[in-house]
Amino acid sequence: MLDDLDRNLLEILVKDARTSLKELAAQVGLSSPSVSERLRRLEERGVIRAFTVEIDPLALGYTLQAIVRIRPLPGKLHIVQKLIEEIPEFGECDKVTGDDCFVARLFVRSIGDLDGILDRIADKAETSTAIIKAQPIRRRPPPLDATALRDRAKVLQAS
């Protein structure tokens with residue numbers, strides 16, 4: 001379980017993973033060594049998996065993003081998964097239940113690039129593609145505060 005200090009540290013780091021130990025300590029009212037120890041324990045417990053950088057795909061020339069639902073043909077599941085892993089334009093992929101086996105996010109520079117990538121798996125899987133127009137909610141962590149979760153649930157029930 002997370003205590004209030006852990007949640008506070010995580011909220012600060014979600015906003016800016018480059019926040020220094022000194023700044024973190026000042027914001028939560030602990031010493032730098034205490035903050036360092038808490039972060040170490042959060043990493044050991046698997047709560048913090050990585051400190052990362054968010055890159056704008058458009059700045060790298062990836063003008064299109066697509067969500068691709070992928071249904072491997074019989075006996076091709078592992079082959080398709082390996083292909084997805086090897087194609088760097090697949091930015092993320094989830095193995096899911098239901099009709100499709102994978103739902104992936106693909107970064108491409110053009111429709112032609114999209115066709116070329118999908119052609120690489122076309123003989124091994126059926127695909128359904130949706131071009132992303134906008135991303136109203138950027139990737140975010142799950143809510144950290146149990147009270148906030150209960151409050152949100154009450155709001156949803158009331159509406």
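The buried residues of α2 pack against α1 and α3, where buried means under 20% relative accessible area with a 1.4 Å probe and protein chains only, and helices are DSSP runs of H or I with at least four residues, numbered from the N terminus. This is a predicted model, in which local features need pLDDT of at least 70, side-chain atom pairs count only at pLDDT 80 or more, and totals for chains, interfaces and linings use all residues. Residues are numbered from 1 along each chain as its sequence is written, and side-chain values use heavy atoms, leaving out hydrogens and water.

Let's stay with α2, residues 21–28, where L24, A25 and V28 are buried. Looking down the axis of α2, these buried residues fall within an arc of 100°, so they line one face of the helix; the arc is that of the directions from the helix axis to the C-beta atoms. An α-helix has 3.6 residues a turn, so residues three or four places apart point the same way. K22 and A26, on the other side of α2, are exposed, that is, over 50% relative accessible area. After α2 comes G29, with a positive phi near 80°.

Next, visit helix α3 (residues 32–44), which holds R38. R38 counts as buried because its relative accessibility is 14%. Apart from neighbours within four places in sequence, R38 is in contact (heavy atoms within 4.5 Å) with D3, L5, D6, L9 and L30.

How values were computed. Helix = DSSP H or I, 4+ residues; strand = E, 2+ residues; numbered from the N terminus.
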